[in-house]
Amino acid sequence: MTLVAGVDTSTQSTKVLVCDADTGAVVREGRAGHPDGTEVAPAHWWEAFQAATAGGLLDGVAAIGVGGQQHGMVLLDEAGEVVRDALLWNDTRSAGAATDLIAELSGGAGGWADAVGLVPVASFTVTKLRWVAEHEPAVAARAASVMLPHDWITHRLRAGGGDPTTDRGDASGTGYWSPATGEYRTDLLRLGFGRDLALPRVAGPAEVVGETAAGALLAAGTGDNMAAALGLGLGPGDLVVSLGTSGTVFGVSAAPIGDPTGTVAGFADATGLYLPLVATLNAARVLTAVAALLGVSLSTLDELALAAEPGAGGLTLLPYLDGERTPNRPDARGLLNGLTRGNASPSNLARAAYEGMLCGLADGLDAVRALGVPVRRVLLIGGAAASPAVRAIAPGLLGVPVSVPAPGEYVALGAARQAAWALRATPDAPAWPVSAVEAEGAATAGVREVYADVRDRADPLLH
């Protein structure tokens, strides 16, 4: 059996899967946590990787791929040393910088969408570079290069040094690389940071970019959403709705996407195609927050939500608990609308939490479909996909058939599949099977319409 490994260096932890290169079957796995927060010293990721792979986890592994949280800004000096803690995708302090960058480029939001397939929001790397340049000039002056989290881990794994690399998927989330042309837009990097920085070379989808000290080949790696798409084997008409720390909606497109509204980010994928994506900051943690508010477990929250009628008796939750990225309201707060003595019950509040979270993602699905991406079915993944209430409510709100793949670490699995692809050097990634079950749920007439009305009227109250 030939073994490959996939690494998921996510916001909360590092997960490592060792898989059979031919079938994708998971042979062994490891995990270690990361510190909480919106900025973190990259050294913690390396420590977590070492802890997750301790005890010989990688023994006999022939190739490794790394999937990493997108957008994180890792600044390094001339010696390759990190100059400040990495700012992560969920750090919203650069929201003002995003607004400024849109105004400063000719054509505004449309100009950005044409140039790099996305419109700046606080998540994207280019806005974090602007924030550092403006607020930490001494740090900015020391910076010689910038990497993304997966780039940095891959570079640490590469024996003998060599030039840093990234891939087209993760590069497409920076704000200074164009999926349409396959080239960096160094003019936009300079617009953001004020001067040039050294950038990783963009490797091909199945390229070998080095070897580890143990002799395993290194795949190019990619961003977490791109790795998940690989792990799930997405095909035309498949859209993913991921319910993790953040919520995402994404699918494969044959052509690059540029959305001047900024709702859909026109990313590249890890295979040579494109991955239009909508992201929300608030997903599964909405459920944990409401469960904590009610003093119940998540399983009890499920039961409460399923006991309530669709529409939660008129309660609507706008779940912007951590600010929001889509819609772009980084300073927003959550809002509970329609509360009366008649509907003030734990079951209705629980139901409103699930419906609010899913309505925001249903809006994202509509936005992707409006740009010409076909939608045949939704694959529901992430921690909250295991929830019986999510499975019962999602089909009615999303309006298309919903399948739930078997529980798995699909980012790490996709990174492992990329490693197998690099190892085999075949034209296409190896075919690894993914099992799924159909979710069944009742219609939820009127729920999305009420949610949209509250969303559109609420903006002045959210700050």
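Q: Is Ser94 buried or exposed, and why?
A: Ser94 counts as buried because its relative accessibility is 1%. Buried means under 20% relative accessible area, exposed means over 50%, and partly exposed is in between (1.4 Å probe, protein chains only).

Q: What kind of model is this?
A: This is a predicted model: local features need pLDDT of at least 70, side-chain atom pairs count only at pLDDT 80 or more, and totals for chains, interfaces and linings use all residues. Residues are numbered from 1 along each chain as its sequence is written, and side-chain values use heavy atoms, with hydrogens and water left out.

Q: Where is Ser94 found?
A: Ser94 lies in the loop between strand S7 (86-87) and helix H2 (95-104). Helices (H or I, at least four residues) and strands (E, at least two) are DSSP runs, numbered from the N terminus.

Q: Which residues does Ser94 touch?
A: Ser94 touches Ala122, Thr127, Lys128 and Trp131, leaving aside residues up to four places away in sequence. Contact means heavy atoms within 4.5 Å.

Q: And how far apart are the C-alpha atoms of Ser94 and Pro330?
A: They are separated by 9.4 Å, with the two residues 236 residues apart along the chain.

Q: New topic. At what angle do H4 and H8 pack?
A: Helix H4 (residues 125-135) and helix H8 (residues 186-193) pack at about 35°, with axes 7 Å apart. Axes are lines fitted to C-alpha atoms, for helices over the stretch in contact, and angles run from 0 to 180 degrees between N-to-C directions.

Q: Which residues make that contact?
A: H4 gives Val126, Leu129, Arg130 and Ala133. H8 gives Leu188, Leu189, Leu191, Gly192 and Phe193.

Q: How many residues of H12 are buried?
A: 20 of its 25 residues are buried, so to speak mostly covered.

Q: What comes just after H12?
A: Gly372 does, with a positive phi of about 95°.

Q: What is the strand order in the open sheet of 7 strands?
A: The order is S18-S19-S17-S16-S22-S23-S24, with mixed pairing. Two strands pair if DSSP finds at least two bridges between them.

Q: Which are the edge strands?
A: Strand S18 (265-268) and strand S24 (436-439), and each pairs on one side only.
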